[in-house]
2 protein chains.
Amino acid sequence: MTLYTERLQQHLELIESRLTEFLPKGDGVGEIMRYACAGGGKRIRPVLLLEWCRICGGNTEKAIPFAAAIECVHSYSLVHDDLPCMDNSPLRRGKPSAHAKYGETMALLAGDALLNRAFEIMLSAENVEPTAALRAAAQLADNAGVHGMIGGQVLDLDSEGKQIGLDTLKRLQEGKTAALLVAACRMGAILGGGTNEQIENAGQYGYYLGLAFQVVDDILDVTATAEELGKPVGSDDTNEKNTYVSLLGLEQAQALAASYTAQAKASLERFADGADLCQLADALLTRTH
Amino acid sequence: MTLYTERLQQHLELIESRLTEFLPKGDGVGEIMRYACAGGGKRIRPVLLLEWCRICGGNTEKAIPFAAAIECVHSYSLVHDDLPCMDNSPLRRGKPSAHAKYGETMALLAGDALLNRAFEIMLSAENVEPTAALRAAAQLADNAGVHGMIGGQVLDLDSEGKQIGLDTLKRLQEGKTAALLVAACRMGAILGGGTNEQIENAGQYGYYLGLAFQVVDDILDVTATAEELGKPVGSDDTNEKNTYVSLLGLEQAQALAASYTAQAKASLERFADGADLCQLADALLTRTH
């Protein structure tokens, strides 16, 4: 089963073909920024942004800078996460991580530059109504900051080597994973001219999709083969990481993932054209890697 | 001679009293963000922003969030600059640097969070006309990024241990020092409702002030006593750093600083109420620390 429907695949291809035009040319820090944003990922955030823009009746062309911006924010977070003082990862998607290839100093600066670039892109986007541009950019800033993604990373660091409860694990994942997915969906709905209720629905979809995604990740670490996953399995257990499986057991974790997925799909009820996002939620639940 | 006139001192006091309301409360990463932004600096960027807003006829109260935001960007750059993989500085303004006090991982995240926060603050500012808010925030994003401050840092790293020419030194300082001062002045003029010509004048003032500031810094490293400077003198020479003094000699460097200062003051010619900014340019030229 592929993750994306034909329509979502078209969004993905659009992003792949357009992303680099928003990044600096030339060598030096620009090269590292392009390296960090190079293909290999699912591009789920920009795909969600474009699709939510579309189903709220908007022109996806206008939303492309914002789709590029959220991918820049995601990429910066990976570059900084991989640094020696953080996860100290030499690899990312099977290739050398940015600091392994370009050195720690330049990777740090390239990460900073990617976060900064996200706002350069959004704030100079043309043909977008100023209040919509402000609101969409503010949404990304809020969800990427201390009350969103960075907050989740801090909670994750605080939890290392400790036994935490389900509430803390959920709060941690709300920040680390869900916050940017919420931002992607809400930004798309904002840029698509959605009503406040539609924007709320979009946020709910992203929220539950994000939570489901992480539960499935934890499950796959236990149930998948290394071949399917493309990385060692059982690493969570080896690292004594707090996961949904370690806290709930496999069966309850599977039920939780199904419940979150159902809630994501329920957020689509009022949309006539939500079939692709509905299929995406199912595909993420049943993925094997 | 004090640096600030009574009016600029009032801007400084306003910023000191209002800055923390834009930063997260509580411990953890919020505490580090507040620590990194705590007093001790000249707050020259927010002071410039508020004064340019005022002399263009604007309400400085509305510009306060933007003044706080540019100080967040400056503070993030200091936190990341001090990190072990960058300058590896244990001290900042006589106190432990952020990573020396809170550890490298949390300092990295607090720096990221401060850059992000700058945009959260600006994009949620109330009572500012949306196109002015967008333009001011875009100005900060552009000048802080790869074509501004980060670009200057990259050039600086590239130049380490090399003999560089005056052109490269100037380009490096345009990014490292002048870019944020230009942003501060232009943002103030934008928020104050200045004409495009006034915004250009503001940018010119910030540009020449920034260049003059750096030349004077290089001169003081040679001419000041350690007591005046509050840090060891002659460190540029010891570190074989490329400076305006090493490239031009002391006399020509002094002439250059005077010339840049004159150009900064010339940008004020069309402003009836530019006396405070004029005095600031003179005070920065003749400072002894």
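In this predicted model, the axes of α2(A) and α6(A) approach within 9 Å and cross at roughly 75°. The angle falls in the range of 65 to 115 degrees, and the two helices are therefore roughly perpendicular to each other. Both helices also belong to the side of chain A that touches chain B. The model scores ipTM 0.96 and pTM 0.96, and chain A has an average pLDDT of 94, with 96% of its residues scoring at least 70.

**Contact of α2 with α6 in chain A**

- From α2(A), the residues A:V29, A:I32, A:M33 and A:A36 take part in the contact with α6(A).
- Their partners in α6(A) are A:M106, A:A107, A:L109, A:A110, A:A113, A:L114 and A:R117.
- By class, the residues of this contact comprise 10 nonpolar and 1 charged, with no polar residue.

**Contact between the chains**

- Chain A contributes 36 residues to the contact, and chain B contributes 36 residues.
- On the side of chain A that touches chain B, two or more residues come from each of α2 (29–37), α6 (104–123), α7 (130–144) and α8 (149–159) of chain A.
- The largest share of that side, 12 residues, is supplied by α6(A).
- The side of chain A that touches chain B consists of 22 nonpolar, 9 polar and 5 charged residues.

**Relation of the two copies**

- Two copies of a chain are related by a rotation about an axis and a shift along it.

**Helix α8 of chain A**

- In α8(A), 8 of the 11 residues are buried, so this helix is largely enclosed by the rest of the structure.
- The buried residues of α8(A) are A:M149, A:I150, A:G151, A:G152, A:Q153, A:V154, A:L155 and A:D156.
- The cover over these buried residues includes α4 (60–82), α7 and α9 (166–191) of chain A.
- Chain B also takes part in that cover, through its α2 (29–37) and α6 (104–123).
- After α8(A) comes A:G161, which has a positive phi near 75°.

- A:W52 is placed in helix α3 (residues 44–55) of chain A.
- The residue A:W52 has 32 C-beta neighbours inside 10 Å; a residue with 20 or more counts as buried, and A:W52 is therefore buried.
- Apart from neighbours within four places in sequence, A:W52 is in contact with A:C185, A:G188, A:A189, A:G192 and A:A202.
- A:W52 and A:L277 are 225 residues apart along the chain, and their C-alpha atoms are separated by 8.6 Å.
- A:I55 also lies in helix α3 of chain A and is buried, with 23 other C-beta atoms within 10 Å.
- When residues up to four places away in sequence are not counted, A:I55 touches A:F271, A:D273 and A:G274.
- The C-alpha atoms of A:I55 and A:G188 are separated by 9.1 Å, although the residues are 133 apart along the chain.
- A:G188 is also among the contacts of A:W52.

**Positive phi in residues other than glycine**

- A:R93 has a positive phi near 50° and is not a glycine.
- The position of A:R93 is in the loop between β1 (91–92) and β2 (95–96) of chain A.
- With 12 C-beta neighbours inside 10 Å, A:R93 counts as exposed; the cut-off for that class is 12 or fewer.
- B:N127, which is not a glycine, has a positive phi of about 65°.
- The loop between α6 and α7 (130–144) of chain B contains B:N127.
- B:N127 counts as exposed, with 9 C-beta neighbours inside 10 Å.

**End of helix α14 in chain B**

- B:A266 is located in helix α14 (residues 250–266) of chain B.
- There are 14 other C-beta atoms within 10 Å of B:A266, and this residue is partly exposed.
- B:A266 and B:Y205 are 61 residues apart in sequence, and their C-alpha atoms are 8.0 Å apart in space.

Methods
Residues are numbered from 1 along each chain as its sequence is written. Chains are lettered from A and ligands numbered from 1 in the order in which they are written. This is a predicted model: local features need pLDDT of at least 70, side-chain atom pairs count only at pLDDT 80 or more; totals for chains, interfaces and linings use all residues. Two residues are in contact if their C-beta atoms, placed from the backbone, lie within 7 Å. Helices (H or I, at least four residues) and strands (E, at least two) are DSSP runs, numbered from the N terminus. Ala, Val, Leu, Ile, Met, Phe, Trp, Tyr, Cys and Pro count as nonpolar, Asp, Glu, Lys and Arg as charged, and the others, Gly among them, as polar. Axes are lines fitted to C-alpha atoms, for helices over the stretch in contact, and angles run from 0 to 180 degrees between N-to-C directions. Angles under 35 degrees count as roughly parallel, over 145 as roughly antiparallel, 65 to 115 as roughly perpendicular and the rest as oblique. pLDDT is the predictor's confidence in each residue, from 0 to 100.
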